[in-house]
Amino acid sequence: MNVSERPDRIVAGSGIGPDTVAAITAAIACVTVVGIGLSLSIPLLSIELERRGASSTLIGLNTAVAGIASICTVPFVPRLAARIGVARLLCLALVVGAVSLAAFPILPGIALWFPLRFVFSATLGALFVLSEYWINAAAPPERRGLVMGIYATVLAAGFAVGPALLALVGTEGLAPYLTGAGLMLAGGLPIVLARGLSPTIAHGSGRSILAYLRFAPGALLAALAYGAVETGIFAILPLYGLRLGYDAQGAAGLVSLIALGNVLFQIPFGWLADRFDRRAVLLGASLGGAAGSALIPLASGSPVALGLVLFAWGGIAGTLYTVGLTTLGDRVPATDLAGANAAFVVLYNVGLMLGPPLIGGGLDLVPPHGFAWTLLALFLAFSVSLVTMERAGARS
């Protein structure tokens, strides 16, 4: 029996029973294993392209294909899942993704990496949409924030494992690609074991992103804001560190502090989202991100102070995604949740493409603290938009 046919156990969320735990665990295990493979593949592909003589611009363009692929294909994922089933589409995406990753070192020319990167990234988009939909649908409403916090924590830890694993297997030959492909295939095991617990997606007309914005403006704007902030931080923060006088290793260490805060803050904020108005928690996270951005220039003269600010700031900023997903599950009807999750991922990818040029441009225009001022402006813009759209929704 499918999850959607047992509203007392999963969708309505009257409590956490064995089936609920099994369903959530399967989806989290799947996306975490995929996260390890993904965090291994991103630096691996860049290193291989450089080894083949590609310029930094060409490497950047190839990497940008990931965002384009998600934006182009993710909106169609719910319709396809409605036809063939969530568990089947997850397994199909895992197989295609694994084969695609293993094919990269075999292809003779760089030109072929662009369509292959598109296919590979499209499968990843489908995996994240369906896994997050499954988790959101399975989580009891009164525990949804905690469940999403656990999901984000485990996923962040998985992303930290990938580069470490790459250091063990190396970057040359077939071994790293086959390792990543094997991890993706391993992600299918929990899905196969819990296939009877996967949710179903009703056939529907589908809605536009603007339509979903009317349901949950704060949640979807959080995806856009977090995509811009997260990618901008990870891409530009090392450059900011160099402008402050840190060496390359020290500048990279600043990013590690952000990542550590991101891991440790997810569950506490998920807990808060279960006990207070989730829109208020979302606004609080955004204002906290703005405050942290304003403090960065003040703390930049002291490595200890800067480290503490970045740790707390990165943790608070990272909860935009978690609380946004939690709010999405609250505000969107169950029949529209899969499509809303797809819209969430699309807007995250739009932010991913906008963030680095905006924040990098700020660093160039107002060196060195334009990095922090641009992030402050992004957080404040999200906060104002969140309040404005929520008030407009309340009046309509």
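The following legends describe views of a predicted model of one protein chain.

**Figure 1. Overall fold of the protein chain.** The protein chain contains 15 helices and 0 strands. Its C-alpha atoms fill a box of roughly 60 × 55 × 35 Å along the principal axes. For 396 residues, a compact globule would have a radius of gyration near 21 Å, and the 20 Å of the protein chain agrees with this. Among contacts between residues at least 6 apart in sequence, 82% join residues at least 24 apart.

**Figure 2. Surface and charge of the protein chain.** Of the 396 residues, 52% count as buried. The protein chain exposes about 16100 Å², and carbon and sulfur atoms supply 71% of that area. There are 20 positive and 16 negative side chains. The centres of these two sets lie 7 Å apart.

**Figure 3. Asn62 within helix α2.** Helix α2 spans residues 56-73 and includes Asn62. Asn62 has a relative accessible area of 1% and is therefore buried, the cut-off for this class being under 20%.

**Figure 4. Surroundings of the Asn62 side chain.** With residues up to four places away in sequence left out, Asn62 touches Leu49, Trp113, Phe114 and Arg117. One of these residues, Arg117, also takes part in a polar contact: its side chain meets the side chain of Asn62 at 2.6 Å. The view thus joins two features of Asn62, namely its buried position and its side-chain contact with Arg117.

Technical notes
Residues numbered from 1 in each chain as written. Predicted model: local features only at pLDDT ≥ 70, side-chain atom pairs only at ≥ 80, totals over all residues. Heavy atoms only, no water. Helix = DSSP H or I, 4+ residues; strand = E, 2+ residues; numbered from the N terminus. Rg over C-alpha atoms; globule rule 2.2 N^0.38 Å. Buried < 20%, exposed > 50% of the residue type's maximum accessible area, 1.4 Å probe, protein only. Contact = heavy atoms within 4.5 Å. Areas by Shrake-Rupley, 256 points an atom, 1.4 Å probe, with all protein chains shown as cover. Lys, Arg positive; Asp, Glu negative; His and termini not counted. Charge placed at Lys NZ, Arg CZ, Asp CG, Glu CD. Polar contact = N/O pair within 3.5 Å; in protein donor to acceptor, adjacent residues only side chain to side chain.
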